[in-house]
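This report describes selected local features of one protein structure, taken in turn. The sequence and the structure are shown first.

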Amino acid sequence: MEPFLPQLVYYEPRALEYELGRTLVEKFKHMDVELRETTSHNQVRNIPGKNELQQYRNAKSTLVIGVRKTLTFDTSKPSAEYAIPLATGCMGHCHYCYLQTTLGSKPYIRTYVNLEEIFAAADQYIHEREPEITRFEAACTSDIVGIDHLTHSLKKTIEHIGQTEYGRLRFVTKYHHVNHLLDANHNGKTRFRFSVNADYVVRHFEPGTSSLSERLEAAKKVAEAGYPLGFIVAPIILHDGWQRGYQELFERLEATLPRSCRNDLTFELIQHRFTKPAKRVIMKRYPKTKLQMEEEERKYKWGRYGIGKYVYKDEEAEALKEAIEGYIHQMFPQATIEYFT
Ligand code: SF4
């Protein structure tokens, strides 16, 4: 998988007031990329494409360089207290991705250049909770690692949080372009997580992301660089031969990861879920998907704003939980399973 390179770049004139904005615009001027101005990163118009689907695909290779105005961070459960806003959007094409519904008609990738202001807001959040630890999630609305080779804003965030006493950072990725992050001064305060899955799920539902082997090799490098490491297994999907598929995943992890990281390893387990609106969008954008989304085969869980989600029925969810937790206990007895949801 080649590192992401946008086909089209927009920038807000205000972004040029910030060092990162100027650096990025300069960088793209020297590359074979079309550069356009936009008044606001929230209203990018004229993304090329004859129909909605083409525009969607083109938007996913469009980068917008903007200034983050809202410096109130969303709360982020269950893995952190707050979402730190470094970027929005992702170039991946995972069929099940929830950004398809949460970003609506704005699937282009936005990177925010006012890092000092974002860090000042983070420091304030940390300060309010002292001496409690405050965890920030950097991958709530994007796959931040996948674009960081261009911006290095994640690297700066890792180093900023590394200097705080009570701050912690975490993020998750499906990309393996981690080399520039290996020498970041993280001080052990960043948990670097990879999203992994059974081979069947990676092959059928995660186009446009790094292969599982690439992710595992990257995880090894990250562990060797002394980062606390974690894995999110999501979405856990029932498929023919799922037991073998997930067992193999953990066998591959076990064969790859250095001993040194195993005492402080976390796993987060998330079963596949969908909402009715998400299903509609997915069927439009990835009409040939093999993703199973039959409401009658699922259990309905009431959700916020009246939009409930469909999860696996209790006995199926239980079977998934038991099998996967079993592989983890067997192969990584010292690891922590943070949750199964
Ligand atoms: S890599 Fe993550 S954020 Fe990007 S499309 Fe896939 S699930 Fe969505």
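## A buried arginine

In this predicted model, Arg68 sits in the loop that runs between strand E3 (62–66) and strand E4 (82–83). Arg68 is buried yet forms no salt bridge, since the nearest side chain of opposite charge, that of Asp74, is 5.5 Å away, and a salt bridge is counted within 4 Å.

A polar atom of the Arg68 side chain does lie 3.0 Å from the backbone oxygen of Thr70. Residues up to four places away in sequence aside, Arg68 touches His41, Pro85, Thr88, Tyr112, Asn114 and Ile118.

## A partly exposed tyrosine

Tyr98 belongs to the loop between strand E5 (87–88) and helix H3 (99–102), and with a relative accessible area of 49% it is partly exposed, because the exposed class begins over 50%. Beyond its neighbours within four places in sequence, Tyr98 is in contact with Ala139 and Cys140, and its side chain reaches the backbone oxygen of Cys140 at 2.5 Å. The C-alpha atoms of Tyr98 and Thr141 are separated by 9.1 Å, although the two residues are 43 residues apart along the chain.

## Nonpolar cores and an enclosed helix

The largest nonpolar core holds 97 residues, of which Tyr246 and Phe250 touch the most other members. Outside four places in sequence, the contacts of Phe250 are Val233, Phe267, Ile324, Tyr327, Ile328, Met331 and Phe332. A second, separate core of 7 residues includes Leu8, Tyr10, Val44 and Ala59.

Helix H6 (residues 153–162) is largely enclosed by the rest of the structure, because 8 of its 10 residues are buried, among them Lys155 and His160 as well as Leu154, Ile158 and Ile161.

Conventions:
Residues numbered from 1 in each chain as written. Predicted model: local features only at pLDDT ≥ 70, side-chain atom pairs only at ≥ 80, totals over all residues. Heavy atoms only, no water. Core = buried A, V, L, I, M, F, W, Y, C linked by side-chain atoms within 4.5 Å. Buried < 20%, exposed > 50% of the residue type's maximum accessible area, 1.4 Å probe, protein only. Contact = heavy atoms within 4.5 Å. Helix = DSSP H or I, 4+ residues; strand = E, 2+ residues; numbered from the N terminus. Lys, Arg positive; Asp, Glu negative; His and termini not counted. Polar contact = N/O pair within 3.5 Å; in protein donor to acceptor, adjacent residues only side chain to side chain.
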